[in-house]
Amino acid sequence: MASKAVIKVSDLRKNFAKTKAVQGISFSVAKGSITAFLGPNGAGKTTTLEMLEGLLKPSGGTIEVLGFNPVKKPDEVKRRIGIQLQTANYYQFLRLKELLVLFASFYNRKVDADKLLNIVGLADKKNAYVDQLSGGQKQRFSIVSTLVNDPQIIFLDEPTTGLDPQARRNLWEIIAEIKRQGKTIILTTHYMEEAQYLADKIFIIDKGKIVAQGTTKQLIAQLPNPYRIEITSAKKIKLEKLRALSGVISGTVATNTTGEYEYSLGTKNIHQTLPAVVKYLEKEKIAFEDIAVAPSNLEDVFLTLTGKELRD
């Protein structure tokens, strides 16, 4: 049975002077799920979240968060959600435990600060100041600070930006554990692997519009070439010959730092294309150092839909 939608959005729009930041998007978010919004800089994803949170008033359309309109009933919405921002400033002279107690008081609540800190592995830091924490610890604390009001929905805006791979992976596990506790999580991220690992559903936004949505598998399946055959060769191969092989949809070539040629062939039918590639290489007596088969990933989907140009 489908999960109940805790967020419903219809024809949502937001204009800033002459800029149409969000242009008529509609979607819903299922209870107890993790939903990721991906998009280039300026695509409208953070603006969308700020309207859901009641921080921005829409120019048009409707929003329903847990049954409430965040414009008409902002206090009802804010009591039921938690927001973790990209950067946060904390009171300099309060310890972590004291900060959580203070934040809970804003909601007229009492909180077990030790229990919350234990969730993110900071129990031993309860008497530390924020300035004494590492980058990863600060990010973990910023997430646990969203839990002081026992929210039903948690908004995370690029939660792992600037973290090393170990700290990022640790934070993923924390986010997944929070979901297992029945929370609904909505996040924005620039890390494709983060969305691929965490999200039950992904929305890709570009120029204020949703250009694709679905699970990672569903999005990849929409690509014309969901598989890649990658060849590394010391000898140059005629790219047009590779592109003409059975099942090949696309092909590119580049040189690496050692001067070898790296070929990438896109295909929809790996069982048809791989034998044709191997047969051709053997026929041409081409020695290759490496040949690999890889499924396309979320980054391939993202770049296909939004392009490769840099965005400011």
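In this predicted model, Tyr91, Phe106 and Tyr107 make up a nonpolar patch on the surface, and together they present about 360 Å² of accessible area. Patches of this kind consist of residues with over 30% relative accessible area and no salt bridge, where nonpolar side chains (Val, Leu, Ile, Met, Phe, Trp, Tyr) are joined within 5 Å and like charges within 9 Å. Tyr91 is placed in the loop between strand 5 (81-84) and helix 3 (96-105), where helices (H or I, at least four residues) and strands (E, at least two) are DSSP runs numbered from the N terminus.

Residue numbers start from 1 along each chain as its sequence is written. Because the model is predicted, local features need pLDDT of at least 70 and side-chain atom pairs count only at pLDDT 80 or more, while totals for chains, interfaces and linings use all residues, and side-chain values rest on heavy atoms, with hydrogens and water left out.

Phe106, one of the patch residues, also belongs to a cluster in which ring pairs link Tyr90, Phe103, Phe106 and Phe141. Rings of Phe, Tyr and Trp (its six-membered ring) are paired if their centres lie within 6.5 Å, and planes under 30 degrees apart count as stacked, those over 60 as edge-to-face and the rest as tilted. The structure holds eight aromatic pairs. One of them joins Tyr90 and Phe141, whose ring centres are 5.3 Å apart with planes at 65 degrees, so the pair is edge-to-face. Since Tyr90 lies in the loop between strand 5 and helix 3 and Phe141 lies in helix 5, this pair ties together parts that are 51 residues apart in sequence. Phe141 is buried, with a relative accessible area of 0%; here buried means under 20% relative accessible area, exposed over 50%, and partly exposed in between (1.4 Å probe, protein chains only). Tyr261 and Tyr263 form a tilted aromatic pair, with 6.4 Å from centre to centre and 35 degrees between the planes. Of these two, Tyr261 is partly exposed at 23% relative accessibility, whereas Tyr263 is buried at 3%.

Charged side chains form another set of pairings. A salt bridge is a side-chain nitrogen of Lys or Arg within 4 Å of a carboxyl oxygen of Asp or Glu, and by this rule the count comes to 10 salt bridges.

| Glu76 | Arg79 | 2.8 Å |

Salt bridges with shared partners join Glu76, Arg79 and Arg80 into one network.

Thr146 sits in the loop between helix 5 (135-144) and strand 6 (153-157) and is buried at 3% relative accessibility. A polar atom of the Thr146 side chain lies 2.6 Å from the backbone oxygen of Ile143. Leaving aside residues up to four places away in sequence, Thr146 touches Gly82, Ile83, Gln84, Pro151 and Ile154, contact being defined as heavy atoms within 4.5 Å. Ala128 occupies the loop between helix 4 (113-119) and helix 5 and is buried as well, at 11% relative accessibility. The C-alpha atoms of Ala128 and Leu163 are separated by 20 Å, the two residues being 35 apart along the chain.

The chain as a whole has 11 helices and 13 strands, and its C-alpha atoms fill a box of roughly 75 × 45 × 45 Å along the principal axes. Of its 312 residues, 43% count as buried. Among contacts with a separation of 6 or more, 68% are between residues 24 or more positions apart. The chain exposes about 16,700 Å², of which carbon and sulfur atoms supply 49%.

Key. Areas by Shrake-Rupley, 256 points an atom, 1.4 Å probe, with all protein chains shown as cover. Polar contact = N/O pair within 3.5 Å; in protein donor to acceptor, adjacent residues only side chain to side chain.
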